[in-house]
Amino acid sequence: MSAFATLAGGSVWKLASAVLLALLLVTSSAGVTAWWLAASARDQAQAELRAQQTLVTQLRGALDAQNAAVAAAGLATTLAEQRGEAARQQAAASARRFDLALARVAGVKATTCAEAMPAVNLILESIR
């Protein structure tokens with residue numbers, strides 16, 4: 001064997017193993033870097049998700065409070081309308097009683113207080 005073949009034969013394996021080792025180091029470091037970047041992105045996404053979930057929870061609470069206020073306002077409106085209708089009915093009944101009392105005393109002529117008092121008492125008792 002020639003000296004060149006012996007030198008080349010031993011060097012090729014050393015060179016090939018050095019190149020393979022360098023390739024393995026580059027590949028593994030790139031994989032670790034990619035894994036680290038993916039883990040960092042995952043952690044950031046999870047933190048943003050928690051923040052959004054907190055915001056959604058707060059917004060749902062605000063919507064529930066607003067819906068409760070709208071429902072309470074609707075109930076208050078209904079109750080106010082019922083009271084208003086009762087007051088209108090009561091006013092109409094009072095007006096009818098007053099009209100009847102005025103009709104009873106329509107022909108009364110009084111020139112003094114003593115003559116007017118029975119008519120006034122009749123009106124007051126009718127609208128009581």
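**Charged side chains and their setting**

Modeller: The chain carries 11 positive and 8 negative side chains, and the centres of these two sets lie 6 Å apart. Here Lys and Arg count as positive and Asp and Glu as negative, while His and the chain ends are not counted, and each charge is placed at NZ of Lys, CZ of Arg, CG of Asp or CD of Glu. This is a predicted model, in which local features need pLDDT of at least 70 and side-chain atom pairs count only at pLDDT 80 or more, whereas totals for chains, interfaces and linings use all residues. Residues are numbered from 1 along each chain as its sequence is written, and side-chain values use heavy atoms, with hydrogens and water left out.

Side chains of opposite charge can pair when their charged atoms come close. Searching the whole structure gives 2 salt bridges, a salt bridge being a side-chain nitrogen of Lys or Arg within 4 Å of a carboxyl oxygen of Asp or Glu. In one of them, Arg-42 pairs with Asp-43, and their closest N and O atoms are 3.0 Å apart. Arg-42 has 47% relative accessibility and therefore counts as partly exposed, and Asp-43, at 40%, is partly exposed as well; the term covers values between buried, under 20% relative accessible area, and exposed, over 50%, with a 1.4 Å probe and protein chains only.

The other pair joins Arg-88 to Glu-85, with 3.1 Å between the closest N and O atoms. Both residues belong to helix α1 (residues 3-104), where they sit 3 residues apart, about one turn of the helix. Glu-85 has a relative accessible area of 37%, so it is partly exposed.

As for the setting, the chain has 2 helices and 0 strands, where helices (H or I, at least four residues) and strands (E, at least two) are DSSP runs numbered from the N terminus. The C-alpha atoms fill a box of roughly 160 × 20 × 15 Å along the principal axes, and buried residues make up 5% of the 128 residues. Helix α2 (residues 113-127) has 15 residues, which at 1.5 Å a residue should span 21 Å, and the 20 Å between its end C-alpha atoms agrees; the expected span is 1.5 Å times one less than the number of residues. Within α2, Ala-119, Ile-123 and Ser-126 are buried. Val-108 is found in the loop between α1 and α2, and its relative accessible area of 43% makes Val-108 partly exposed.
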